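Please look at the sequence and the 3D structure first.

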Amino acid sequence: MSALPKAMRTMRIISLPLARPKIPPDQNLKPHAVFNPNRMLIFYHFDLSQVSSVESQDQSTVKRAVKWASTKAADLWAGFGKAPEGSWKLKTYELGERIVDRIDFEELALKGVDPSLGPSITHADITGQEANVVNSSEKQSPREVLRIPLIYPPSVYASPTCVNEASHPSIIHLRTLLTSREPRHRRGFWIWMVIAPLTAPFMLVPVIPNLPFFFCAWRSWSHYRAYRTSQYLSSLLDHGLIVPKPSPALDSLYASYVSPLSNIKNRYSPMASPPRSVTLLPANTSSTNNGDPPNDATASPSQPGASNVHKTSQRLLLTRKAIPHILQLFGLPQSSAADMYRAVEQVRGRLGGTSSR
């Protein structure tokens, strides 16, 4: 395969913080717990460029087969949603959509990435094969060839005081998320893979296909995709290819569409400085937490008013109304909105709120 098309590909990661960390933090939680309220809840949108027609011809047989199967399954599922009212296909589609709504938004974001389509140096793509080294004929280092921006609203994060991009709060959070998700998806892949054969008796049911088997296979595939993406992004972070990029435009959008709960007492705006009793996570996070930023905001007992920290509670930083404007700001397709809406509703649920649908 030619290495040139991979070098020409572009990718950007858009960070959308949805909730600040819990204050004061829960000291009983493990640093890398999957559902950790001590960490900021962030939805990441991974925006990949389209594959060129030249490269599509260079794809291996396995890659083409995987792509064909994925497209076929997606078209089949979309056809279920267009079935007549009251049919078992439409009921199955509606049930499936409700199940998708309950899948972690972190998994939905990760499984939507195909590592073989993204920029890389040397990584295992979705088929498990090693990719060629990008631009190996040139003497440029991979870091000089590839720069993947991690776009974020600067005022939601702590002001970095370090020069090293690897210790920026946005990079630390992404690395911590991947560290916690990778073993979860590896375990989920094997669990659903083992369960799938147990659904064989459902093949005896006439007319209706073996839906339990397809569900188990789909869940296993979903976990596998998320697992491979976690590995891929961790590799890019290890090589320093993902760099933070503040977006003033996204910052302004956060100021305009902050959750209505922002006017409640003792809850500070994401665009404003935190109260004196709260100190944001410094960019050079201590290694005692294994690089984990569990406390994006922590209380200092020696500071005045520290006794009031317990009154600060978590809340949504964005409302559903902001999503169309995010799509417009970054030129994203309308199909990207579904996972964003799911993320907002899931975070609302995790914070103890009710759905606004």
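## Helix packing and confidence

Helix 9 and helix 10 cross in a right-handed manner; a crossing is right-handed if the near helix is turned clockwise from the far one by less than a right angle, and left-handed if anticlockwise. The structure is a predicted model, in which local features need pLDDT of at least 70, side-chain atom pairs count only at pLDDT 80 or more, and totals for chains, interfaces and linings use all residues. Residues are numbered from 1 along each chain as its sequence is written, and side-chain values use heavy atoms, with hydrogens and water left out.

Helices (H or I, at least four residues) and strands (E, at least two) are DSSP runs, numbered from the N terminus. Axes are lines fitted to C-alpha atoms, for helices over the stretch in contact, and angles run from 0 to 180 degrees between N-to-C directions.

| Helix pair | Axes come within | Crossing angle |
|---|---|---|
| helix 7 (residues 169-195) and helix 8 (residues 211-238) | 7 Å | roughly 150° |
| helix 9 (residues 248-256) and helix 10 | 11 Å | roughly 165° |
| helix 10 and helix 11 (residues 337-350) | 10 Å | roughly 140° |

Angles under 35 degrees count as roughly parallel, over 145 as roughly antiparallel, 65 to 115 as roughly perpendicular and the rest as oblique. Helix 9 and helix 10 are therefore roughly antiparallel. Their contact (heavy atoms within 4.5 Å) involves Ala249, Leu250 and Leu253 from helix 9, and His325, Ile326, Leu329 and Phe330 from helix 10. Six of these residues are nonpolar, one is polar and none is charged. Here Ala, Val, Leu, Ile, Met, Phe, Trp, Tyr, Cys and Pro count as nonpolar, Asp, Glu, Lys and Arg as charged, and the others, Gly among them, as polar.

Helix 10 also passes helix 11 in a right-handed crossing, and the two are oblique to each other. On the helix 10 side the contact uses Ile323, Pro324, Ile326 and Leu327; on the helix 11 side, Ala337, Met340, Tyr341 and Val344. This contact has eight nonpolar residues, with no polar and no charged ones.

Helix 7 is roughly antiparallel to helix 8, and their crossing is left-handed. Their contact has 14 nonpolar, seven polar and seven charged residues.

The whole structure has 12 aromatic pairs; rings of Phe, Tyr and Trp (its six-membered ring) pair if their centres lie within 6.5 Å, with planes under 30 degrees apart stacked, over 60 edge-to-face and the rest tilted. One of them is the tilted pair of Phe189 and Tyr224, at 5.4 Å centre to centre and 45° between the planes. Phe189 belongs to helix 7 and Tyr224 to helix 8, so the pair ties together parts 35 residues apart in sequence.

Confidence is given by pLDDT, the predictor's confidence in each residue, from 0 to 100. The protein chain averages 74, and 66% of the residues score at least 70. Among its elements, helix 10 (residues 323-330) has the highest mean pLDDT (94) and strand 6 (residues 297-299) the lowest (38). The pLDDT is below 50 over residues 1-9 and under 50 over residues 50-56. Where pLDDT is low, the predicted coordinates should not be read in detail.
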